[in-house]
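This briefing covers selected local features of one protein model. Please keep the sequence and the 3D view open while reading.

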Amino acid sequence: YFLTLDEPMNNITTTLGQTAELHCKVSGNPPPTVRWLKNDAPVVQEPRRISFRATSYGSRLRIRNLDTTDTGYFQCVATNGRKTVSTTGVLFVKFGPLVPSAFELISVYTENAPYEVKPIFIAIAQYG
């Protein structure tokens with residue numbers, strides 16, 4: 001009978017809208033069951049967005065379409081009735097870099113300028 005944490009959990013820094021995968025690499029006999037916690041509370045699966053499943057190496061947690069509120073400490077707790085092991089990783093979701101394609105340029109022209117037309121550009125940042 002044994003239960004081993006094969007590798008510490010990975011930390012992830014990524015941006016809004018991306019997908020993150022956290023891996024819980026454990027092995028044991030009997031095979032362990034794995035629970036996922038975020039900031040000490042059970043992770044709640046959301047259809048097509050947050051899911052976890054057993055894998056050959058333990059368990060994988062996948063979060064799609066990341067939001068900044070997904071940032072937190074993620075812990076996997078594996079137990080096989082004889083022993084319990086756990087590991088914690090940090091997921092940090094930040095706003096993406098502002099790139100020109102994320103800007104919408106709107107040119108506004110003054111109508112009461114008889115001699116010259118002055119373009120005014122307003123940049124609207126769009127996240128996503």
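The model is predicted. Its open sheet has five strands in the order β2-β9-β8-β4-β5, and the pairing is mixed. Strand β8 has eight residues, six of which are buried, so this strand is largely enclosed by the rest of the structure.

**Sheet layout**
- The edges of the sheet are formed by β2 (12-15) and β5 (41-42), each of which pairs on one side only.
- In the strand order, β8 stands between β9 and β4.

**Pairing of β8 with β9**
- Strand β9 covers residues 84-94 and runs antiparallel to β8, with eight bridges joining the two.
- Thr79 has Thr84 of β9 as its bridge partner.
- Ala78 is bridged to Val85, also in β9.
- The hairpin of β8 and β9 has four residues between the strands, and Gly81 in this hairpin adopts a positive phi near 90 degrees.

**Pairing of β8 with β4**
- Strand β4, made of residues 33-38, is joined to β8 by six bridges, and these two strands are likewise antiparallel.
- The bridge partner of Lys38 is Phe74, which belongs to β8.

**Surface patch**
- Tyr73, Val90 and Phe92 make a nonpolar surface patch of about 300 Å².
- Phe92 is a residue of strand β9.

**Leu66 in its loop**
- Leu66 sits in the loop that links β7 (58-63) and β8 (72-79).
- Its relative accessibility is 2%; Leu66 is classed as buried because buried means under 20%.
- Apart from neighbours within four places in sequence, Leu66 contacts Thr14, Thr15, Leu16, Gly17, Gln18, Thr19, Ala20, Arg49, Leu91 and Val93.
- Among these contacts, Thr14 and Thr15 fall within the residue range of edge strand β2 (12-15).
- Leu91 and Val93 are also among the contacts of Leu66, and both numbers lie in the range of β9 (residues 84-94).
- The C-alpha atoms of Leu66 and Phe92 are 9.8 Å apart, with the two residues separated by 26 positions along the chain.

Notes:
Residues are numbered from 1 along each chain as its sequence is written. This is a predicted model: local features need pLDDT of at least 70, side-chain atom pairs count only at pLDDT 80 or more; totals for chains, interfaces and linings use all residues. Side-chain values use heavy atoms; hydrogens and water are left out. Buried means under 20% relative accessible area, exposed over 50%, partly exposed in between (1.4 Å probe, protein chains only). Contact means heavy atoms within 4.5 Å. Two strands pair if DSSP finds at least two bridges between them. Patches are made of residues with over 30% relative accessible area and no salt bridge: like charges are joined within 9 Å, nonpolar side chains (Val, Leu, Ile, Met, Phe, Trp, Tyr) within 5 Å. Accessible areas come from the Shrake-Rupley method with a 1.4 Å probe; for residues, only the protein chains shown count as cover. A salt bridge is a side-chain nitrogen of Lys or Arg within 4 Å of a carboxyl oxygen of Asp or Glu.
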